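Here is a short report on a structure with its chains. Keep the sequence and the 3D view open as you read.

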Amino acid sequence: MSLAARPVEGGDSVRLPSPPRALLPVLGAAALLLVSVLVGLFVGPAGIGASSIVRDALSHVPLLGIHSHLSSTDSAIVWQLRAPRVALALLVGGMLALAGGSYQGVFRNPLVDPYLLGVAAGAGLGATIAICYANGATSSYDLLPIAAFAGAALGVTLAYTLGVSTASASNPAALVLAGVTIVAFLTAVQTFIQQQHQQSLQEIYSWILGSVDTAGWHDVLLALPYVAVASVVILLHRRVLDVLAVGDDEAATLGVNVRRVRLTIVVFATIGTAAVVAVSGLIGFVGIIVPHFVRLAIGSSYRIVLPLSLLVGGSFLVLCDVLARTVVSPEELPIGVVTAFFGAPFFAVVLRTSRSFR
Amino acid sequence: MLDGVDLAVAEGEWVAVIGPNGAGKSTLLRAAAGLVSYAGSVRLDGDEASALSRRAIARRLAFVPQAPLLPAGMRVGEYVLLGRTAHVGPFGYESAGDLEAAGRALARLDLDALARRRLQTLSGGEQQRAVLGRALAQEAPLLLLDEPTSSLDIGRQQQALELVATLREQGDLTVLCAMHDITLAAQYADRLLVLSAGRLVAAGTPEEIASAELIAEHYGARVKVVAEGGTLAVVPVRRQ
């Protein structure tokens with residue numbers, strides 16, 4: 001068996017390795033997204049026909065000469081209630097999944113997402129403070145989302161500062177442990193405040209459970225710029241996350257500034273997550289199960305996992321929201337219950353089939 | 001902890017750093033690669049390494065660690081392509097030139113047929129070649145090898161080192177490696193450096209360094225050095 005290295009002459013046709021190609025899976029996921037959006041728009045208790053909705057949509061397109069048959073009430077239901085809800089679910093689900101996937105890449109751990117570093121606990125604390133101490137102000141300007149966003153950012157800043165100040169600052173596990181510490185602390189503070197204001201418990205609880213129930217496009221427009229910026233930055237780092245898979249030291253010798261990449265991803269994924277948490281509460285499981293599912297279905301390269309997580313996460317949450325508002329109609333289930341309903345069994349399946357736990 | 005180690009590697013040389021366990025061989029290599037902090041200076045091609053970006057360093061040296069982390073599920077071709085990281089744009093994608101460089105690395109290491117295989121399905125020797133392939137794809141003039149043979153059997157040890165020797169002949173490659181096997185170091189390197197308890201205690205050609213007295217002094221081992229037909233071997237001698 002000869003293993004001597006072969007010199008390669010200029011005329012040799014060298015077989016080129018191909019980097020992972022994302023186009024086909026992305027197109028598939030985009031199709032899934034389109035289907036979810038249509039389901040989200042067509043399904044609802046008002047019983048508006050799908051074709052009427054399509055006609056109404058096309059009537060806004062100039063020069064087609066199509067006229068809508070929808071009453072103004074029905075039109076408002078579709079475009080002021082359902083459509084913003086679908087758009088918000090797309091933004092929230094997509095951002096949570098993308099942020100989760102990017103955290104998993106940067107910490108080389110399939111079970112982390114921004115919640116773990118303090119976004120959830122921080123946002124919960126911010127929301128609790130806003131609800132308990134500033135009740136009058138929540139109606140005059142959007143204090144609740146601002147407080148939740150600030151809380152989320154504060155939580156992650158504390159966790160990150162604690163994590164990088166430890167002796168093993170280059171070890172990503174240190175950051176995760178710092179996150180656990182900060183989460184415990186912030187949760188304790190939140191519980192204390194809740195105990196002092198027991199009459200607000202229900203409002204706090206229902207915010208925490210999460211919801212994409214929104215009327216009008218205000219919440220969507222509030223979160224959109226943050227989600228857009230965060231998504232662009234994270235997606236630009238797809239290849240670098242693949243390089244990080246070989247470990248911090250090897251990635252450094254390959255030319256990656258590991259600390260800078262880790263900080264960039266943490267900052268932008270947190271900003272995006274904080275923005276969606278601020279408008280929709282703490283919807284759990286999306287950041288972990290969607291990237292995981294994508295990895296199981298397609299493969300581990302972040303070049304594919306990240307854009308797919310964005311699209312599949314959006315579709316997933318839209319469909320969860322449809323379930324949330326139809327399963328016990330005319331009541332609505334909190335969307336966090338639906339995602340947990342899918343998430344917990346999914347975890348069990350992953351645990352059983354995952355090679356790394358054998 | 002290394003103390004007062006001064007070393008210069010000339011272009012095209014193969015320098016092997018040897019010494020007993022805990023002498024600091026790996027640490028020396030990792031300091032050269034910028035992976036551990038140090039007092040003093042590391043100069044690559046005349047430029048101070050601490051002033052260079054990681055990208056710039058990666059274009060000048062390729063580091064093969066003792067126990068590389070091979071991501072499960074990654075294909076050999078993609079893994080070798082990782083070596084082009086210092087050449088692609090910061091967020092950019094591999095250019096045709098990058099793909100060709102990786103293709104050349106695959107070809108030189110006979111990995112063409114394995115390019116689509118996933119790393120965890122490869123044998124130990126094939127994985128070794130994949131890691132070397134990644135290092136070659138960097139097209140850096142300096143190759144740092146940290147204990148390249150420590151977990152290999154005698155046949156694979158020879159294959160790995162023959163591979164590096166051939167690669168060195170084919171292109172301008174300077175090699176600095178840390179090795180625990182004195183015989184192999186003596187057979188392949190141009191120059192040996194002996195580290196003991198963090199200090200540089202001897203430096204010279206294999207003939208000068210591979211001596212029973214030196215090895216007894218620094219390793220505490222009883223050996224005899226056999227030189228036959230142009231080959232050096234350090235043979236342990238058992239106490240009767």
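## Terms and source

A residue is buried if 20 or more other C-beta atoms lie within 10 Å of its own, exposed if 12 or fewer, and partly exposed in between, with C-beta atoms placed from the backbone. Helices (H or I, at least four residues) and strands (E, at least two) are DSSP runs, numbered from the N terminus.

This is a predicted model: local features need pLDDT of at least 70, side-chain atom pairs count only at pLDDT 80 or more, and totals for chains, interfaces and linings use all residues. Residues are numbered from 1 along each chain as its sequence is written, while chains are lettered from A and ligands numbered from 1 in the order in which they are written.

## Chain A

Chain A has 15 helices and zero strands. Its C-alpha trace spans about 80 × 60 × 40 Å along the principal axes. The radius of gyration, taken over C-alpha atoms, is compared with a globule rule of 2.2 Å times the number of residues to the power 0.38. For 358 residues, a compact globule would come out near 21 Å; chain A has 23 Å, which agrees.

Of the 358 residues in chain A, 48% are buried. Two residues are in contact if their C-beta atoms, placed from the backbone, lie within 7 Å. Among contacts in chain A between residues at least 6 apart in sequence, 78% join residues at least 24 apart.

## Where the chains meet

Contacts link 30 residues of chain A with 40 residues of chain B. On the chain A side, helix 11 (residues 248-253) gives the largest share, four residues. That side has 17 nonpolar, nine polar and four charged residues. Here Ala, Val, Leu, Ile, Met, Phe, Trp, Tyr, Cys and Pro count as nonpolar, Asp, Glu, Lys and Arg as charged, and the others, Gly among them, as polar.

The expected span of a helix is 1.5 Å times one less than its number of residues. Helix 4 (residues 96-108) of chain B has 13 residues and should span 18 Å; its end C-alpha atoms are 18 Å apart, which agrees. Its buried residues include Asp98(B), Arg104(B) and Arg108(B). The buried residues of helix 4 pack against helix 3 (76-81), helix 5 (124-137) and helix 6 (154-170) of chain B. Asp110(B) follows helix 4, with a positive phi near 60°.

Helix 5 of chain B is mostly covered, with ten of its 14 residues buried. Among them are Gln128(B), Arg129(B) and Arg134(B). Their cover includes strand 4, helix 3, helix 4, strand 5 and helix 6 of chain B. Just after helix 5, Glu139(B) takes a positive phi of about 55°.

## The sheet of chain B

Six strands of chain B form an open sheet in the order 4-5-6-1-7-8, with mixed pairing. Two strands pair if DSSP finds at least two bridges between them. Strand 4 and strand 8 (199-204) stand at the edges with a single partner strand each, so one side of each has no neighbour in the sheet.

Both faces of strand 4 (residues 61-64) of chain B are covered: Leu61(B) and Phe63(B) on one side, Ala62(B) and Val64(B) on the other, are all buried. Strand 4 pairs with strand 5 (residues 142-146) of chain B in the parallel sense over four bridges. Leu61(B) has Leu142(B) as its bridge partner in strand 5. Strand 5 also runs parallel to strand 6 (residues 174-178) of chain B, joined by five bridges. Leu145(B) stands opposite Cys177(B) in strand 6.
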